[in-house]
Amino acid sequence: FLAMRQVLEGSRAGRVGTTIGVVGDVLLVAFAVQLGISAARTGEVPDNFALFAIGFLLVFVAHLVVARPLRSVLGGAWWLSIVAGVTLLLALVAGEVYLWHDLALIVFEGCWVAMGLLALRRARETASVTAESVRG
C-alpha cells in the first residue's frame, strides 16, 4: 500500500485507502515481531491476536476503499482489488481447511501480481506516448 500512495495521490479515497492499508500492514508487522519475541522467550505462541485481528481488518477494508480509485491505473481490472480482499477474508475463515486457506492465499497473491503487471503496462504505455510527443 505504501507504493500505491504515489499512484493514487490524486484521489481522496486512494489516499484514505492507502493510509488504512499502511496502518494495517504496520500492525501485522508488529504482530509478527511480538509473535517472534514471545516464541523465542517462552517457546510458545501467545494467545493475544489483537494486533493481527485489527491489522487484518484494516488491510481488508483498504482493499475495498482503493478499488475504485485503481480504475485510473488498472482500467477495467480495478475489481482485482476487491477479489484480493475477499480471498484474503476467505483465507482467514477457512481456518482448519488448509487446502482452501492456501488456495485463497494463492488467488490473493495472484491478484496483486496481476495488478502490478497491469500498472507497469499502463506506465510503459504512458511513457511511450510521452516520449513520442516530445520527439514529434
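What share of the contacts in the protein chain with a separation of 6 or more comes from residues 24 or more positions apart? The share is 61%, where contact means heavy atoms within 4.5 Å. This is a predicted model, in which local features need pLDDT of at least 70 and side-chain atom pairs count only at pLDDT 80 or more, while totals for chains, interfaces and linings use all residues. Residues are numbered from 1 along each chain as its sequence is written, and side-chain values use heavy atoms, with hydrogens and water left out.

**Overall build**

- The protein chain has six helices and zero strands; helices (H or I, at least four residues) and strands (E, at least two) are DSSP runs, numbered from the N terminus.
- With a radius of gyration of 18 Å, well over the 14 Å that the globule rule gives for 136 residues, the protein chain is more spread out than a compact globule.
- That radius is taken over C-alpha atoms, and the globule rule is 2.2 Å times the number of residues to the power 0.38.
- The C-alpha trace of the protein chain spans about 70 × 25 × 25 Å along its principal axes.

**Surface and charge**

- Of the 136 residues in the protein chain, 28% count as buried, a term that means under 20% relative accessible area, against over 50% for exposed and in between for partly exposed (1.4 Å probe, protein chains only).
- The 10 positive and 9 negative charges of the protein chain have mean positions 16 Å apart.
- Lys and Arg count as positive and Asp and Glu as negative, while His and the chain ends are not counted; the place of a charge is taken as NZ of Lys, CZ of Arg, CG of Asp or CD of Glu.

**S81 in helix α5**

- S81 sits in helix α5, which covers residues 80-94.
- S81 is buried, with a relative accessible area of 1%.
- A polar atom of the S81 side chain lies 2.7 Å from the backbone oxygen of H63.
- Apart from neighbours within four places in sequence, S81 is in contact with H63, V66, A67, L70 and M115.

**F60 in helix α3**

- F60 belongs to helix α3, residues 50-67.
- F60 is buried, its relative accessible area being 16%.
- F60 and G85 are 25 residues apart along the chain, and their C-alpha atoms are separated by 5.2 Å.
- Not counting residues up to four places away in sequence, F60 touches G85, V86 and L89.

Technical notes
A polar contact is a pair of N or O atoms within 3.5 Å; within protein, one must be able to donate a hydrogen and the other to accept it, and residues adjacent in sequence count only if both atoms are side-chain atoms.
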